[in-house]
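These are my notes from going through one model.

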Amino acid sequence: MLIVHNFRAFPEKWQAATGQNGTSIYAGHRAAAFLKHRRNPAAVFVVNGNVPLVMQLAARMLAGARRPLIAVDLVLREPETFAGRLLLPMKKALLGRVDRFIHYFRDLRGLTRVYGIGPEHSSYVSFKVNLADRHALAPEPEGEYALCFGRSMRDFDTFLAAMERLPDVPAAITRPDPRVFAAHHARFTRPLSAIPKNVRVLDDDRTEESEIRILQNARLVVLPILAKSLVASGISTCLNAMYLEKCVIGSDGPGMSDIFTSEILIFPPEDPQRMAETIRRAWQDSDLRRATAAAGRQFALQAGAEPQLYQRIIDEIALQIPGRGSI
């Protein structure tokens with residue numbers, strides 16, 4: 001099997017858990033580079049995180065030689081504009097030509113409702129710890145504040161409303177960037193002058209070193225995700241925090257309550273009262289906080305880094321596209 005892909009550092013030679021082996025080639029983010037291999041009977045197209053590229057390949061592989069198409073970690077949103085709703089049937093039709101979807105979450109109810117992507121064409125693999133292979137980090141379960149961190153689909157409004165109910169609990173956010181938040185569908189509608197007095201604003205230059213510093217100083221890492229999220233949002237921050245043995249509090253939904261049990265504490269999305277109650281309980285109960293953080297740390301260690309993620313993806317591809325010869 002030849003895996004034609006757009007991953008950053010996918011192994012050029014690989015062997016799956018099934019014993020199947022093969023090679024890979026990087027095709028970047030241009031459909032033409034993939035389609036050069038469309039007549040190779042051993043080729044499988046694997047696209048990571050690039051929705052337009054998946055659409056282009058699905059549209060252009062209609063006649064003649066057609067290669068299996070696998071989409072990994074597609075971030076799909078429910079259309080909210082008239083133009084988006086008008087294009088939805090075409091997008092659903094093109095996504096219907098994808099042979100397999102590999103997700104980093106299990107709860108497919110939203111994707112099935114909006115895009116028709118259900119369990120019969122989907123597989124789950126656990127995501128990686130982004131900090132694990134580039135930094136030697138000691139776990140530190142304690143810290144100074146309850147931190148709301150990240151961008152993708154983050155619900156800062158609910159976090160700030162929760163912290164107003166907890167004036168004696170120190171909290172922190174990073175300095176908001178309206179353009180970045182808009183691009184990542186985050187909700188932050190308050191001016192900084194209106195945030196609770198117990199919430200400090202931290203500078204973040206968006207480097208890994210800055211993320212490590214901010215996470216290391218947290219006692220709790222809170223990941224409020226908007227209820228409309230269809231896919232895993234915040235999973236990278238979640239696993240990085242777990243790797244540092246932080247107690248994570250996340251909202252019920254894809255990529256949180258569907259893959260974690262004792263590893264995180266859950267509250268209903270967009271519910272500031274329930275979020276405040278969960279933060280209060282974890283802040284005051286050191287046994288609960290440390291037990292949750294320790295379970296999260298074990299999950300993160302098992303998830304591993306980029307090489308372990310690639311191996312899980314290879315194993316899944318070999319299971320879904322069996323019987324293709326090595327080249």
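Which residues point one way from strand β1 (residues 2-5), and which the other way? I found Leu 2 and Val 4 on one side and Ile 3 and His 5 on the other, and all are buried. Buried is under 20% relative accessible area, exposed is over 50%, and partly exposed lies in between (1.4 Å probe, protein chains only). In a regular strand the side chains alternate between the two faces of the sheet.

I note the basis before going on. The model is predicted, so local features need pLDDT of at least 70 and side-chain atom pairs count only at pLDDT 80 or more, while totals for chains, interfaces and linings use all residues. Residues are numbered from 1 along each chain as its sequence is written, and side-chain values use heavy atoms, with hydrogens and water left out. Helices (H or I, at least four residues) and strands (E, at least two) are DSSP runs, numbered from the N terminus.

**Entry: partners of β1.** I looked up pairing, which requires that DSSP finds at least two bridges between two strands. β1 runs parallel to strand β3 (residues 21-26), joined by 4 bridges; Leu 2 has Thr 23 as its bridge partner there. β1 also runs parallel to strand β4 (residues 43-48), again through 4 bridges, and Val 4 has Phe 45 as its bridge partner in β4.

**Entry: the open sheet.** I read the order of an open sheet of 6 strands as β10-β9-β8-β11-β12-β13, with parallel pairing. β10 (199-202) and β13 (264-267) are the edge strands, each pairing on one side only. Neighbouring strands are turned by 25° against each other on average, direction ignored. Helix α8 (residues 235-243) packs on this sheet and touches β11 (218-223), β12 (247-251) and β13; its direction makes about 160° with that of β11. Axes are lines fitted to C-alpha atoms, for helices over the stretch in contact, and angles run from 0 to 180 degrees between N-to-C directions. I also checked β8 against strand β9 (residues 171-174): they pair in the parallel sense over 3 bridges, and Ala 146 has Ala 171 as its bridge partner in β9.

**Entry: Arg 154.** I found Arg 154 in the loop between β8 (145-148) and α5 (156-164). Is Arg 154 buried or exposed? Arg 154 is buried, at a relative accessible area of 2%. Its contacts (heavy atoms within 4.5 Å), leaving aside neighbours within four places in sequence, include Phe 149, Arg 187, Leu 223, Ser 233 and Thr 237.

**Entry: cysteines.** I counted 0 disulfides, a disulfide being a pair of cysteine sulfur atoms within 2.5 Å. Cys 238 is in no disulfide, with the nearest cysteine sulfur, that of Cys 247, 10 Å away. Cys 148 counts as buried at 0% relative accessibility, and Cys 238 counts as buried at 0% as well.

**Entry: largest pocket.** I noted a volume of about 1200 Å³ for the largest pocket. A pocket is an open set of points on a 1 Å grid over the protein atoms alone, where a 1.4 Å probe fits, with protein on both sides within 12 Å along at least five of seven lines; lining residues have an atom within 4 Å of a point. Grid points are joined across faces, edges and corners, and the volume is the space filled by probe spheres set on the points. Of the 44 lining residues, the closest to the centre are Asn 130, Arg 151, Ser 152, Ser 236 and Thr 237. α8 gives the most to the lining, with 4 residues.
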